[in-house]
Amino acid sequence: MAFNCSSFITYKKNQLGYFPSSFPSSFITHKKCKKIISKKIVSLVSPKKNKLKPSTTGSSKSPMTATEKMLARASEKCEVKPGQNAWVNVDVLMINDITCPGVSGIFKKEFGNIAKVWDREKIVVIPDHYIFTNDERAHRNVDIARDFCMEQDIKYFYDIQDRSNFRVNPDYKGVCHVALAQEGHCRPGEVLLGTDSHTTSAGAFGQFATGIGNTDAAFILGTGKILLKVPPTLRFVLDGEMPNYLLAKDLILNIIGEISMSGATYKTMEFVGTTIESLSMEERMTLCNMVVEAGGKNGIVAADRITFKYLEDKTSTPYEPIFSDEKARFQAQYRFDVSKMEPLVAKPHSPDNRALARECNNVKIDRVYIGSCTGGKTEDFMAAAKVFLAGGNTVKVPTFLVPATQKVWMDIYTLEVPGSGGKTCSKIFEEAGCDPPASPSCAACMGGPRDTYGRLNEPKVCVSTTNRNFPGRMGHIEGQVYLASPYTAAASALTGFVTDPRKFL
């Protein structure tokens, strides 16, 4: 629908919030305007309802889980229940390079070529998937994203133009889920959606975060809203002192192996317990990152002093933490004594194909890959360096290192590894015979073009800190991928077989 009008249509606040001027059908205009009708769909709104006070930290008719309370507040309701549908106001929308062409195309088709996004400061566009390649179609994805961001004046577009040296691109960050956290876009109590299934990582900050498709993202671009079904919540209680040979990757592989890849389908996975409280933010991100491998809608760890400390120098935007009520109802509860757990791997070809690392010590491997949003953070590389340092040997197989972001890459070269006598990760990796740290990106985690760094172009066996090991996930359809923690990956690199890290720790 277009308007032949000499004056602009102003924003009108209604029960659903502020809509952009590209939504004329629901706004009052001057009488001298003439409507030019087209068949284009321009908006879809829920029925008008009486104004309700938003839910914050528990003032509601009945107890709610943290996820229910966040969706209640975001939909301006006092209360929501699992199974209900709600029109949710989105705080942050993230789009990456491989989805931006589709999202922007749908947006223009449905809202019009000159339509403006609902809020240029709440959209984050991050090229990260297929970046360091000679594939022209991959380059075109980034070009389309750049053009769209310039048209819309998107505030947070982390562009890359010179692929020959990522360091000369000050705006380029790297893997979206780690960059979102490092750049202060993850905040407790908010709703963050992204066109990538591992957007669930941000649940580590005590917020509702999940992946969506291109069509939903395009609708959010135009309205700032999405229709969501409220998920029921599964609670996972992890108690006990974390052994020095375990990492969060072991915890989530154990949980997925316990409940299966469909055990949390369209459910919230809420993590609590003394072990969870002791985890760093990066480890909590690993935990929430892989809830989608169990079918989870979102993962969540309640915000606490560790969260607040992490955010101190990353955001000045006010936020309000939200917590589950004491008497909230959970669909099921699982308890784990972490002190009794052992290092795990997920054997090919499923993340729920759980096995003890020590039981796979006869599996000969061809390479090791340390990287991705799951296992390419600073602490992941520090953990790997710890094993290499303790092992004192050189790797027996090619070992690929892919930092998630520019900041992680810098940390590898500047931060000293505790107990190393002043050595950095990069120095330890060099002495161990690993490949030099690559340019930060998703790289081989999702296969990508054939020239992608670390990609399995042959049917090889790989131990990887990534999140999926389906056939063809990292390249060759006959490749075999064993998912593991950075500890286990580094230990396996030193022996050439799947190896329990306790051999070196």
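**Exercise 1. The largest cavity**

Find which residues line the largest cavity, and sort them by type.

*Solution.* Start with the lining: Leu247, Lys249, Glu283, Thr286, Thr374, Gly375, Asp380, Thr465 and Pro486. Here a cavity is a set of points, on a 1 Å grid over the protein atoms alone, where a 1.4 Å probe fits but cannot get out, and lining residues have an atom within 4 Å of a point. This is a predicted model, in which local features need pLDDT of at least 70 and side-chain atom pairs count only at pLDDT 80 or more, while totals for chains, interfaces and linings use all residues. Residues are numbered from 1 along each chain as its sequence is written, and side-chain values use heavy atoms, with hydrogens and water left out.

Next, sort the lining: two residues are nonpolar, four polar and three charged. For this sorting, Ala, Val, Leu, Ile, Met, Phe, Trp, Tyr, Cys and Pro count as nonpolar, Asp, Glu, Lys and Arg as charged, and the others, Gly among them, as polar.

Then look at the helices: helix 8 and helix 10 (372-375) each supply at least two residues of this lining. Helices (H or I, at least four residues) and strands (E, at least two) are DSSP runs, numbered from the N terminus.

Finally, take the volume, which is about 40 Å³ for the largest cavity. A volume is the space filled by probe spheres set on the grid points, which are joined across faces, edges and corners. The structure holds one cavity of 30 Å³ or more.

**Exercise 2. Helix 1**

Work out how many residues of helix 1 are buried.

*Solution.* First, recall the cut-offs: buried means under 20% relative accessible area, exposed over 50%, and partly exposed in between (1.4 Å probe, protein chains only). Now go along residues 66-74: nine of the nine are buried, so helix 1 is largely enclosed by the rest of the structure. Among these buried residues are Glu68, Lys69 and Arg73. Just after the helix, Glu76 takes a positive phi of about 60 degrees.

**Exercise 3. Salt bridges**

*Solution.* A salt bridge is a side-chain nitrogen of Lys or Arg within 4 Å of a carboxyl oxygen of Asp or Glu. Glu183 is in the loop between helix 4 (176-182) and strand 9 (191-194), and Lys173 in the loop between strand 8 (156-157) and helix 4, so the bridge ties together parts 10 residues apart in sequence. Glu183 is partly exposed at 30%, whereas Lys173 is buried at 18%.

Elsewhere, salt bridges that share partners join Glu342, Arg358, Asp500 and Arg502 into one network. The whole structure has 25 salt bridges.

**Exercise 4. Thr99**

Decide whether Thr99 is buried or exposed, and list what surrounds it.

*Solution.* Setting aside neighbours within four places in sequence, Thr99 is in contact (heavy atoms within 4.5 Å) with Thr195 and Asn214.

Notes: On a 1 Å grid over the protein atoms alone, a cavity is a set of points where a 1.4 Å probe fits but cannot get out, and a pocket is an open set with protein on both sides within 12 Å along at least five of seven lines; lining residues have an atom within 4 Å of a point.
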